[in-house]
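Let's take a walk through this fold together. Have the viewer open and follow along as we go.

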Amino acid sequence: MADQQQFFLKWNDFQSNMVSSFKHLRDEKSFTDVTLACEGQTCKAHKMVLSACSPYFKSLLEENPSKHPIIILKDVAYSHLQSILEFMYAGEVNVSQEQLPAFLKTADRLKVKGLAEAPQAIKRE
């Protein structure tokens, strides 16, 4: 057979569409498969998003497979959890200057990509 010609197809708005879709799924609580709890309150989320944004959550979810786990986060402010989830789903979040240090500390403990400190090996480069 002769070589088949290949076509490169690209969805130009892929990233913005995915971000918009993830935010919509979160807002509608569609297909949520994990519950995060702190300070007596809960948030529903998606394992895939948590795992993609945090090696902490990825490891926790892989080591403890469950259809719909409930993860209790000790010493995490509910407002920080909400902001972290907003950052994970949208790639951006507004945090007040007074809350910023504590928020970043929480994000670091949860190893949230884009907010947590880089590993020492990366920092030196």
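Which residues of helix 1 meet helix 4, and which residues of helix 4 do they meet? From helix 1 come V19, F22, K23 and R26, and on the helix 4 side they find Q82, L85, E86, Y89 and A90, where contact means heavy atoms within 4.5 Å. Sorted by class, this contact of helix 1 with helix 4 has 5 nonpolar, 1 polar and 3 charged residues; here Ala, Val, Leu, Ile, Met, Phe, Trp, Tyr, Cys and Pro count as nonpolar, Asp, Glu, Lys and Arg as charged, and the others, Gly among them, as polar.

A quick word on what you're looking at: this is a predicted model, with local features needing pLDDT of at least 70 and side-chain atom pairs counting only at pLDDT 80 or more, while totals for chains, interfaces and linings use all residues. Residues are numbered from 1 along each chain as its sequence is written, and side-chain values use heavy atoms, with hydrogens and water left out.

Back to that helix pair. Helix 1 covers residues 14-28 and helix 4 covers residues 78-90; helices (H or I, at least four residues) and strands (E, at least two) are DSSP runs, numbered from the N terminus. The two axes come within 8 Å and cross at roughly 145°. Those axes are lines fitted to C-alpha atoms, for helices over the stretch in contact, and angles run from 0 to 180 degrees between N-to-C directions.

Strand 1 (residues 34-38) runs antiparallel to strand 2 (residues 41-45) over 5 bridges, and L36 has C43 as its bridge partner. With strand 3, strand 1 pairs in the parallel sense over 3 bridges, and T35 stands opposite I70.

Two loop residues deserve a look. E39 sits between strand 1 and strand 2, in a hairpin with 2 residues between the strands. Its phi is positive, about 50°, although it is not a glycine. E39 is exposed, at a relative accessible area of 56% (buried means under 20%, exposed over 50%, partly exposed in between, with a 1.4 Å probe and protein chains only). K29, in the loop between helix 1 and strand 1, also has a positive phi, near 55°, and is exposed at 53%.

What about the cysteines? The structure holds 0 disulfides, a disulfide being a pair of cysteine sulfur atoms within 2.5 Å. For C38, the nearest cysteine sulfur is that of C43, 6.6 Å away; C38 is buried at 3%. For C53 the nearest is again that of C43, 15 Å away, and C53 is buried at 17%.

T106 is buried at 4% and touches V76, H80 and I84, not counting residues up to four places away in sequence.

Conventions. Two strands pair if DSSP finds at least two bridges between them.
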